[in-house]
Amino acid sequence: MKDFLRKLELPSFIRDSRLTASVAIILVLSLLGTIIGMIMSPLLGLALVLIFILTIACVIYGTYVLADNANNFAVNLSYRIKRSEQEALIKMPLGILLYDSDHQIQWVNPYLQLYLKSDDLIGHTIKSVDPDLNRLLDEAIEAKTVENHIIDWDGHQFEMVVQDNLGVIYLLDISRYAKIERKYKAERLAIGQVFIDNYDELSEVMHDQELTSMSSYVQNTLSNYAKKFNSYLKRIDEDHFLLLAHMQDLDKMEKDKFSVLDKIRLETSRNNTPLTLSIGIAFGSDSLTEIANQAQSNLDLALGRGGDQVVLRQPGKDARFYGGKSNPMEKRTRVRARMVSQALSELFKDADRVLVVGHMRPDMDSVGSGIGVVKIARLHGVKANFVLDVKNTNYDVGRLVARMQEEKQDTDIFIDPDKALDEVTDKSLLVMVDHSKYSITYSKKLYDRLKNRIIVIDHHRRGEEFPENPMLTYVEPYASSACELVTEMIEYQQPANGQRVLTDLEATAMLAGIVVDSKEFSLRTGTRTFDAASYLRSIGADSTVVSLLLKEDINSFLEKAHLVATLKLVKPHMAVLCGPDDKIIDPIITAQAADVALDLENIGASFAITRRDQNTIGISARSMGKINVQLIMEKLGGGGHLSNAATQLEDVTVDEAKQKLLEAIDEYEEENE
């Protein structure tokens with residue numbers, strides 16, 4: 001019996017103590033029943049004894065049968081699992097390759113062997129069988145991660161997992177799903193807003209027949225361009241179109257660099273009706289509303305940068321720019337200036353304090369336009385100041401401050417940045433003049449404090465750092481200077497009782513700002529520039545004093561001359577000037593040196609590179625107009641005008657900055673071939 005029980009290997013579920021206890025209880029109860037039966041009747045007792053013996057026999061036999069069936073089931077299940085594993089390794093659509101420490105192939109399942117296209121694999125190195133697979137393996141091992149890699153191999157896309165400690169490569173062909181993903185991405189919708197920059201201005205001076213002909217030309221040209229790239233174009237009104245395109249077609253437009261801009265500009269110029277387009281295109285969101293709003297924002301950015309360009313940006317990403325090769329056309333009207341002047345007055349009336357800031361190291365244009373805005377605010381009885389540390393200024397601004405103190409005229413116009421921050425309230429206004437970028441504003445603390453109550457008055461092209469929700473924006477990229485814009489607004493102010501808005505010295509300061517930024521009326525100068533200068537002269541601006549304010553001291557002149565002496569031609573018509581890496585040079589001198597280089601024969605663009613402080617290198621760029629230095633500076637994180645731009649580079653030497661500049665110039669030339 002013991003041998004029988006020893007041979008009987010009970011499965012674990014039968015050896016369970018609870019089941020054993022239950023069987024024991026049943027046997028005990030059966031035994032008690034037999035004893036009671038014997039007491040009551042010998043025959044009944046004998047019958048119960050026989051039943052008890054039979055029950056024990058049945059239990060033992062049943063247990064044996066159950067154990068045998070359970071063992072057979074477990075063995076069969078184990079066999080089926082192992083067989084399915086073997087079949088999976090051999091037949092499942094997952095490539096498996098085993099290799100040793102020398103990358104010799106030890107085993108490959110048949111599925112992967114189909115891709116390797118060779119019957120003789122075992123014992124050969126992976127590199128000899130397939131160099132591309134060996135390269136992908138090395139890259140995965142160098143990455144030191146067990147995460148999946150998406151790779152392109154043998155014309156297919158695979159999800160690759162490498163366990164180098166075990167010497168195993170797993171390859172799952174996901175080409176079908178990758179194709180679906182590519183199709184989804186390629187067919188995502190992009191929305192564009194197309195605007196004819198100067199349609200209204202031309203329509204005012206054209207006959208109906210000429211206007212109809214021009215309008216039809218633009219419509220047909222844009223329609224043909226959209227048709228070429230399988231896109232949908234719908235005219236919304238006379239100067240506005242809606243563009244719908246798939247991402248795959250938008251990518252083709254990008255490769256084409258939106259040649260329709262050049263085509264329309266050149267063709268209309270030949271007919272003496274020059275037109276330019278501004279286009280804002282957005283993509284990359286699941287919400288069509290968000291894409292449409294972003295497209296409108298991109299169009300606003302294109303217009304703010306002077307028009308004749310395309311701005312592509314998806315929500316939350318950096319913008320890409322195309323075009324912008326031409327000087328912005330003058331399309332500002334007197335009506336616009338008057339409306340801005342009135343809107344500015346209304347905003348000032350509701351404020352308890354107006355603070356005006358320029359850019360870092362403010363020049364005469366920044367200070368002059370700031371003084372003009374301060375005087376407009378004070379004209380309406382509002383306390384206003386220009387934020388400036390008068391003890392730390394450029395030489396020309398320093399002369400102006402000294403002259404104002406000497407003549408005792410409006411000596412309270414300027415306020416120290418720290419004092420201004422202490423006096424600001426939630427009803428105060430911050431006016432940014434001659435700039436619109438947070439990174440170069442004179443007081444970042446004031447900007448942060450009043451970021452929801454900002455007014456922008458600027459003549460530089462609008463950039464990505466533009467304030468999110470300005471209360472009023474007056475950005476005119478074609479204007480010569482911020483002083484020109486502010487002067488026009490002053491003309492529409494109506495002081496009570498014959499009160500003057502500007503004193504003679506203040507008018508002189510604003511005229512000096514125009515002279516500085518227009519390079520004595522030689523660059524970016526339109527008829528409106530001369531109108532503004534004429535108005536300032538009529539109210540007391542003195543050109544002699546302007547010359548005195550802008551005079552250079554001898555040391556600055558010599559420093560500028562030394563910088564110009566380093567001039568080297570790096571490209572046809574492009575010159576670079578480099579200051580010493582161990583000497584800090586004033587940004588004004590750097591800019592003036594670039595201007596001087598531009599006056600030399602056969603130089604169409606100049607770049608002056610100098611150290612501004614221990615950690616910063618500054619680059620001032622100037623152009624005669626054919627070379628767009630703004631696009632070059634934007635590649636280095638800066639910006640400005642087509643003919644006047646700059647940037648700053650952190651933690652580099654002058655030589656490293658020059659190398660970065662040369663790379664940006666090469667990239668610019670490749671894009672504009």
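Q: Taking a salt bridge as a side-chain nitrogen of Lys or Arg within 4 Å of a carboxyl oxygen of Asp or Glu, how many salt bridges does the count come to?
A: The count comes to 25 salt bridges. This is a predicted model, where local features need pLDDT of at least 70 and side-chain atom pairs count only at pLDDT 80 or more, while totals for chains, interfaces and linings use all residues. Residues are numbered from 1 along each chain as its sequence is written, and side-chain values use heavy atoms, with hydrogens and water left out.

Q: Which residue meets R265 in a salt bridge?
A: D308, with 3.0 Å from N to O. R265 is in helix α11, D308 is in the loop between α12 (288-304) and β10 (309-312), and the two are 43 residues apart. Helices (H or I, at least four residues) and strands (E, at least two) are DSSP runs, numbered from the N terminus.

Q: R265 and D308, buried or exposed?
A: Both are buried. Buried means under 20% relative accessible area, exposed means over 50%, and partly exposed is in between, with a 1.4 Å probe and protein chains only.

Q: Which residues are linked with R265 in a network of salt bridges?
A: D262 and D308.

Q: What about R361, which residue does its side chain meet?
A: The side chain of R361 meets D586 in a salt bridge of 2.6 Å, N to O. The pair links distant parts of the chain, 225 residues apart: R361 is in the loop between β12 (353-357) and α14 (364-379), and D586 is in the loop between β19 (574-578) and α23. R361 has a relative accessible area of 40% and is partly exposed; D586, at 21%, is partly exposed too.

Q: And R378, where is its partner?
A: The partner is D412, at 3.4 Å from N to O. R378 lies in helix α14 and D412 in the loop between α15 (395-407) and β14, so the pair ties together parts 34 residues apart in sequence. R378 is partly exposed at 24% relative accessibility, and D412 is partly exposed at 47%.

Q: Switching to rings. How many aromatic pairs does a search of the whole structure find?
A: The search finds 8. Rings of Phe, Tyr and Trp (its six-membered ring) pair if their centres lie within 6.5 Å; planes under 30 degrees apart count as stacked, over 60 as edge-to-face and the rest as tilted.

Q: Why is the pair of Y115 and W153 called tilted?
A: The ring planes of Y115 and W153 are at 35°, so the pair is tilted; the centres are 6.4 Å apart. Y115 is in helix α4 (residues 110-116) and W153 in strand β3 (residues 149-153), 38 residues apart. Both Y115 and W153 are buried.

Q: What sits over the ring of Y438?
A: The charged end of K444, 5.8 Å from the ring centre. The rule wants NZ of Lys or CZ of Arg within 6 Å of the ring centre and within 35 degrees of the ring normal.

Q: Last topic, backbone. What is phi of E520 near?
A: Phi of E520 is near 55°, a positive value in a residue other than glycine. Most residues other than glycine have a negative phi. E520 is in the loop between α19 (504-517) and α20 (527-538) and is exposed, at 65% relative accessibility.

Q: And N602, where is that found?
A: N602 is in the loop between α23 (587-598) and β20 (605-611). Phi of N602 is near 65°, a positive value, and N602 counts as exposed at 53% relative accessibility.
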